[in-house]
Amino acid sequence: MKNKDDKKWSELHQQAETLSRSLYPTIGEFAVSFEALCHALKMGIGIVLEKSGMQNGKLTDILVGDLTMFPLQSIYRALIAQTQELEPLEVSLLDNVFKRITELGEHRNRIIHSAWFIDFKNPEDIRNGLLTQYRPGHSKRGAKESPIKFPIQTIKD
């Protein structure tokens, strides 16, 4: 019986390793593309600040340095609201753009955090082409996991 279990474990380990090797370059490309969005948000913040009179562009780097997408978009949106008089249609368009940026950020987080590490908690998920993201959490009764299943093919796509 032990040899059978060892063989199953070995096969599963090999499958996860092969899957990791095929997904990691894709995940890396995805992360770089997403960083381009963050860079664009930083550039937008810099442009608004420059138009508002800030002379030293390096101050923008200090202000937004290593912020992630969610705080960057919040700052950018707030700066636009404070420095521009917008027509209702423009406000609607901006709301739509920032809503889409938020959705993209949430989607990015689901993909990135489910694919960083392929584990063996649910061997059936790997066999069925699913990655599982475990969000650690807590409740009144102690620790809990909130797994989110994510199709591997979606990541590849």
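Reader: Which helix holds T60, and what makes that stretch a helix?

Author: T60 is found in helix 2, residues 58-64. Helices are DSSP runs of H or I with at least four residues, strands are E runs with at least two, and both are numbered from the N terminus. In this predicted model, local features need pLDDT of at least 70 and side-chain atom pairs count only at pLDDT 80 or more, while totals for chains, interfaces and linings use all residues. Residues are numbered from 1 along each chain as its sequence is written, and side-chain values use heavy atoms, with hydrogens and water left out.

Reader: How do you know whether T60 is buried or exposed?

Author: Buried means under 20% relative accessible area, exposed means over 50%, and partly exposed lies in between (1.4 Å probe, protein chains only). T60 has 5% relative accessibility, so it counts as buried. Across the protein, buried residues make up 29% of the 157 residues.

Reader: What does T60 touch, leaving aside its neighbours within four places in sequence?

Author: Contact means heavy atoms within 4.5 Å. By that rule T60 is in contact with K42, I45, G46, L49, M54 and G65, with neighbours within four places set aside.

Reader: Why is V48 called buried, and what does it touch?

Author: V48 is at 10% relative accessibility, so it counts as buried. V48 sits in helix 1, residues 2-51. Apart from neighbours within four places in sequence, V48 is in contact with Y76, L79, I80 and T83. V48 and T83 are 35 residues apart in sequence, with their C-alpha atoms 7.7 Å apart in space.

Reader: What makes a group of residues a nonpolar core, and which members of the largest one touch the most others?

Author: A nonpolar core is a set of buried Ala, Val, Leu, Ile, Met, Phe, Trp, Tyr and Cys residues joined through side-chain atoms within 4.5 Å. The largest has 17 residues, of which L41, I45, M69, Y76 and F98 touch the most other members. Helix 1, helix 3 (69-83) and helix 4 (88-115) each give two or more residues to this core, and helix 1 gives the most, with 7. A second, separate core of 9 residues includes L19, L23, I111 and I152.

Reader: Why is the pairing of D95 and R77 called a salt bridge?

Author: The term asks for a side-chain nitrogen of Lys or Arg within 4 Å of a carboxyl oxygen of Asp or Glu. The closest N and O atoms of D95 and R77 are 2.6 Å apart, so the pair meets the cut-off. D95 is in helix 4 and R77 in helix 3, 18 residues apart, and the pair links distant parts of the chain. A search of the whole structure finds 1 salt bridge.

Reader: And what makes D95 buried, partly exposed or exposed?

Author: At 40% relative accessibility, D95 counts as partly exposed.
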